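Open the model and keep the sequence alongside.

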Amino acid sequence: MTDRLAVTRTRPGRLWPAALLLLALLRPHWVEARDSAVPAASHAPAMVAPKTVAGAATETAATATTATTATRATTAAAEATPPCPAASAARWQAIVPGVWIWPGAAQEIGPGNLGQVASQILLRDGHRAILIDPGPSLAHGQLVRESARCALGLTITRVLDSHAHAENVLGNAAFAGAQIEASAATVAGMRARCPQCLASITQSAGAAALDGTTVRLPEASLRPGQQLASDSGRWQMMEFSAAHSDSDLVLWNEDQRLLIAPSLVYQGRIPELAQGSLLGWLAALRQLHRLRPDWVLGQQASRHAGLAGTPANSSGLAASHGYLCALAQGVIGALELGRSANEASEAPELALPAYASWAGHAERHGFNVQRAWRELEPHWMNGGELDCAPLD
């Protein structure tokens, strides 16, 4: 043994290449084992029992496995949850807690807006919601229903039709299982006119927009003076029987100072007098103005002109009153100048250039002039007065 050690010490060069070769062969396996090992202090004494180390390693592995399993479960749940495109398409605007409006487009009905020119309004009642006016079609009603569910967490269980016009009520078809209600006059108007108005809006908005839409009549259960409970407080129902139509539903929340008048309040779009009364509409607007609302929800949402710092013509009440008064004053002015109904369409008093930029001016203003003339001529001849003082 002594001789061998002596030889090794005196002739190291013979063994050194072999040692290097052996190290080169073993190094990849050593590097792999070193990289996969749990880091530890290489010179620390083994103060922990082997089974305790094993337990710690097992706990670490179990924690990692649990985290991985949870991540996979979350990913799987997310993949299993169907997407909600209605949420991204929704245009709900919060007004006060528990009240939302999807404003109508200030445009004429056409393929670009798919007929959605009237507003939809939601009132929360716990996890349920009351919808005022479902819109112009089955497709839009479905979008309203699904967006309320996935964007706001609400199930629409009750639908109120404000009046019998296609752009407001044909979305009833999307709410199977919901309670759909209106006034008796609105039900009668829908029964009489909706087959024709469905054909008309299909022609204007396009067949694709109205695909699958059918007329679904509501129950004739709404009456003025009824109370409606919701998370935003109690609402009082009002009905105007000769204004925009033969029955216009209005809701008033005194605590919130919030007025909902879908059929009476227009902004940027010429009002429609086809089934209405100009004098009755003006009287309704003045009555609603006396409530002194903070918010007015009509075709769109607006702050009322009576609020400090709010321009006088910025609210829907003021805008609608302004157009209808200008129309009435124009007719009275033309009558006082001795003009006849045949001259009305060319009368400069009735051009109303201030409203020429409103949607529907070319389509409806001339018709409104004729309707207003027929109503106001006997009123003027009998000495009737016209109250068109500005809404303060």
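Start at Leu288, which touches Met238, Phe240, Val250, Leu259, Ala261, Leu264, Pro293 and Leu317, leaving aside residues up to four places away in sequence. Contact here means heavy atoms within 4.5 Å. This is a predicted model: local features need pLDDT of at least 70, side-chain atom pairs count only at pLDDT 80 or more, and totals for chains, interfaces and linings use all residues. Residues are numbered from 1 along each chain as its sequence is written, and side-chain values use heavy atoms, with hydrogens and water left out.

Leu288 belongs to the largest nonpolar core, which has 44 residues. Such a core is a set of buried Ala, Val, Leu, Ile, Met, Phe, Trp, Tyr and Cys residues joined through side-chain atoms within 4.5 Å. Buried means under 20% relative accessible area, exposed over 50%, and partly exposed in between, with a 1.4 Å probe and protein chains only. Leu264, Leu278, Leu288, Leu327 and Leu350 touch the most other members of this core. The elements that give two or more residues to the core are strands E9 (233–240) and E10 (248–253), with helices H8 (278–289), H9 (316–336) and H10 (361–381). H9 gives the most, with 12 residues. Another core lies apart from this one; it has 20 residues, among them Val96, Ile121, Leu228 and Met237. Helices (H or I, at least four residues) and strands (E, at least two) are DSSP runs, numbered from the N terminus.

Now follow H10. Its 21 residues reach 28 Å from first C-alpha to last, close to the 30 Å expected at 1.5 Å a residue. That expected span is 1.5 Å times one less than the number of residues. H10 bends by about 30° at Glu375, and Pro378 follows within four residues. A bend is the angle between axes fitted to the seven residues ending at a position and the seven starting there. Which helices pack against the buried residues of H10? They are H8 and H9. The buried set in H10 includes Arg364, Asn368, Val369, Trp373 and Leu376. His361 also sits in H10. His361 counts as buried because its relative accessibility is 19%. Its contacts are Ile270, Ala351, Leu352, Tyr355, Ala356 and Gly366, again without residues up to four places away. Just after H10, Gly383 takes a positive phi of about 80°.

H7 bends by about 55° at Arg193, with Pro195 following within four residues. Its buried residues include Val187, Met190, Cys194, Cys197, Leu198 and Ile201. Helix H6 (166–169), strand E6 (179–182) and E7 are among the elements that cover them. Just after H7, Gly206 takes a positive phi of about 105°.

Two strands pair if DSSP finds at least two bridges between them. E2 (residues 99–102) and E3 (residues 120–125) run antiparallel and are joined by 4 bridges. Trp100 stands opposite Leu122 in E3.

Finally, step back to the whole chain. It holds 10 helices and 13 strands. Of its 392 residues, 43% count as buried. Among contacts with a separation of 6 or more, 67% join residues 24 or more positions apart.
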